[in-house]
Amino acid sequence: MREFAGKGNFIVTIDGPAGVGKSTLAKRLAKHLGIAYLDTGAMYRSLALHAGAGVADLSDAEMREMFTAYSYALKKEDDQYALYFNGKKIGEEIRTEKAGRLASVVAKIPEVRKALQKFQREIGEETALVAEGRDMGTVVFPYAPVKFFLDARPEVRAKRRYDELTGKGQQEKYEDILQNIIARDEQDRNRAADPLAPHENAIIVDTSELDIEGVFQELVRHCQIVAAGDK
Ligand SMILES: Nc1ncnc2c1ncn2[C@@H]1O[C@H](COP(=O)(O)OP(=O)(O)O)[C@@H](O)[C@H]1O
Ligand SMILES: Nc1ccn([C@@H]2O[C@H](COP(=O)(O)OP(=O)(O)O)[C@@H](O)[C@H]2O)c(=O)n1
């Protein structure tokens, strides 16, 4: 495939709302393409849990100082990609609805976004990537040759998240998850800083009636079209 983005690394972006399947498909597509996988939501979640919603009350100067102390790193471990925050591997502790809500509060702050986007671009300049999040195609990697925007009805996404969390033993009510997802969608889509929206060239895939395999095949098909177009 042609050299793209950053210092010539091949980047695929996958954006979309909560619970649509971004992480699942990004990991699988990255493995299929033999490139790295970056979960940018995990960066917001880990920061939110570490700094707390109080970040919103810091002055710009305090926030800039805070970010000089933070670091993120992406490391390949066996055939998985692990994200490190301040030298500590980010684990399952961020996979709660509470962390998702806090992340969405912190993610509205422009200084936070700029700091994390800088880390994300640096990682994209080090290695070819499938990068997933809310603003990968619109802001962080606008020159990525393949940009996906996954979507699904809120009820479908809530059921997927409900099955995922209860499958991990987390006690959550479906109705609460649905309300959380609707609220987080609202917050992510309507914030001033880098709102959730597909890039004008993004390939939009409604996954409401597709299983994981069906979505995966659709993403691979589009990657092959781009690859064929670059020969
Ligand atoms: N198309 C799909 N059909 C059914 N379940 C899916 C689909 N895509 C993802 N899932 C499941 O839904 C849950 C949420 O997926 P995840 O990748 O975490 O979404 P996101 O990263 O967009 O929040 C996971 O348990 C995943 O296995
Ligand atoms: N690139 C990104 C990734 C996440 N986020 C924020 O972080 C929150 C959690 O992201 P996530 O991808 O982990 O959440 P899920 O889609 O997995 O539920 C989102 O609701 C956004 O508010 C963002 O603003 N920009």
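**View 1. Salt bridge between Asp-163 and Lys-159 in the predicted model**. The closest N and O atoms of Asp-163 and Lys-159 are 2.7 Å apart, a salt bridge being a side-chain nitrogen of Lys or Arg within 4 Å of a carboxyl oxygen of Asp or Glu. The two residues are 4 apart in helix α7, about one helical turn; helices (H or I, at least four residues) and strands (E, at least two) are DSSP runs numbered from the N terminus. Asp-163 is partly exposed at 39% relative accessible area, and Lys-159 likewise at 41% (buried is under 20%, exposed over 50%, partly exposed in between; 1.4 Å probe, protein chains only).

**View 2. Salt bridge between Asp-79 and Lys-31**. Their side chains meet at 2.3 Å, N to O. The pair joins distant parts of the chain, 48 residues apart: Asp-79 lies in the loop between β3 (72–77) and β4 (80–85), Lys-31 in helix α1. Lys-31 is exposed at 54%, whereas Asp-79 is partly exposed at 42%.

**Conventions.** Residues are numbered from 1 along each chain as its sequence is written, and chains are lettered from A and ligands numbered from 1 in the order written. Local features need pLDDT of at least 70 and side-chain atom pairs 80 or more, while totals for chains, interfaces and linings use all residues; side-chain values use heavy atoms, without hydrogens and water.
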